[in-house]
Structure formats: C-alpha cells, structure tokens
Amino acid sequence: MKPGATGIKRVIDATGYSIKGLKAAWQHEAAFRQEIVLMVLMTAVTFFLPVTKLEQVVMIGSLFIVVIVELLNSAVEAVVDRIGSEYHELSGRAKDIGSAAVFVALALVTVTWGLILFT
C-alpha cells in the first residue's frame, strides 16, 4: 500500500485532484464543455416543466450521468494517447468503447426525458 495522507488531509487532497481534473477536462475536451453547457441549460428547463420533484431529480440525474461518463471516456482517451500515437487495435477498441458509453448515457437522457414528458 502506498503511503499518503489520511483523514481530512486525504479528503482535501482528493478534492484538489478532482478540481484539477475538472479544469483539465474543461480546457482540453470540447465534448465535456458542450455537455456541461447543455446540462446547465437543461437543468434550468426542468424548473419550468410540469413534472414532480422526483421526476425533476431523475431528469437532472440523467444529465449528470452523461458528464460522469464523458469524464471517464476522456480519462481513457488520455491514457491511450499517452501510450503512443501509432494505431493499435486495443487502443482503438478502448476509445470506441468509451465513446459507446457516452452514447448510451445520452440515450438514457433521451429515454428518461421522453418517458417523463410524453407519457
């Protein structure tokens, strides 16, 4: 086990790393920026829709899932790109699977919002 901070110091350090990761994603990932803007706008829209608080939470939660999956996809892409720029089947597969995960998360938003708003 690697040595490191414990207790509240560990929480503070982890928070700093998380903020650093969010800043890096914002700076280097256009898809992340687009999804954050859409999440903020669509979250605001939920306050004007005729939905229950539970439905609103589910709608907003589905938007957060897209951002979470995009962050994970961006992390996979960064690791793959760090390894090398030459094509490798496994690198391509890793990137494609990450992209598919984002697609599925976006499909979840579509289904969630569609079921709540149109049924």
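Colleague: Which side chain does lysine 9 meet in a salt bridge?

Modeller: In this predicted model, the side chain of lysine 9 pairs with that of aspartate 13, with an N to O distance of 2.8 Å.

Colleague: How many salt bridges does the count come to?

Modeller: The count comes to three salt bridges, and one of them joins the side chains of aspartate 81 and lysine 95, at 2.5 Å from N to O. Aspartate 81 is part of helix H3 (residues 53-83) whereas lysine 95 is part of helix H4 (residues 89-118), so this pair ties together parts that are 14 residues apart in sequence.

Colleague: What about the accessibility of aspartate 81 and lysine 95?

Modeller: Aspartate 81 has a relative accessibility of 46% and therefore counts as partly exposed, while lysine 95 is partly exposed with a relative accessible area of 26%.

Colleague: Which residue does glutamate 89 form a salt bridge with?

Modeller: Glutamate 89 is bridged to arginine 93, and their closest N and O atoms are 3.0 Å apart. The two residues are four apart in helix H4, so about one helical turn separates them.

Colleague: Why does glutamate 89 count as exposed, and where does that leave arginine 93?

Modeller: Glutamate 89 is exposed because its relative accessible area is 51%, and the cut-off for exposed is over 50%. Arginine 93, at 41% relative accessibility, counts as partly exposed.

Colleague: Changing topic, which residues form the nonpolar patch on the surface?

Modeller: That patch is formed by Ile8, Val11 and Ile12, which together have about 300 Å² of accessible area.

Colleague: Where does isoleucine 12 lie, and is it buried or exposed?

Modeller: Isoleucine 12 is found in helix H1, which covers residues 7-28, and its relative accessibility of 53% is why isoleucine 12 counts as exposed.

Notes. Residues are numbered from 1 along each chain as its sequence is written. This is a predicted model: local features need pLDDT of at least 70, side-chain atom pairs count only at pLDDT 80 or more; totals for chains, interfaces and linings use all residues. Side-chain values use heavy atoms; hydrogens and water are left out. Patches are made of residues with over 30% relative accessible area and no salt bridge: like charges are joined within 9 Å, nonpolar side chains (Val, Leu, Ile, Met, Phe, Trp, Tyr) within 5 Å. Accessible areas come from the Shrake-Rupley method with a 1.4 Å probe; for residues, only the protein chains shown count as cover. A salt bridge is a side-chain nitrogen of Lys or Arg within 4 Å of a carboxyl oxygen of Asp or Glu. Buried means under 20% relative accessible area, exposed over 50%, partly exposed in between (1.4 Å probe, protein chains only).
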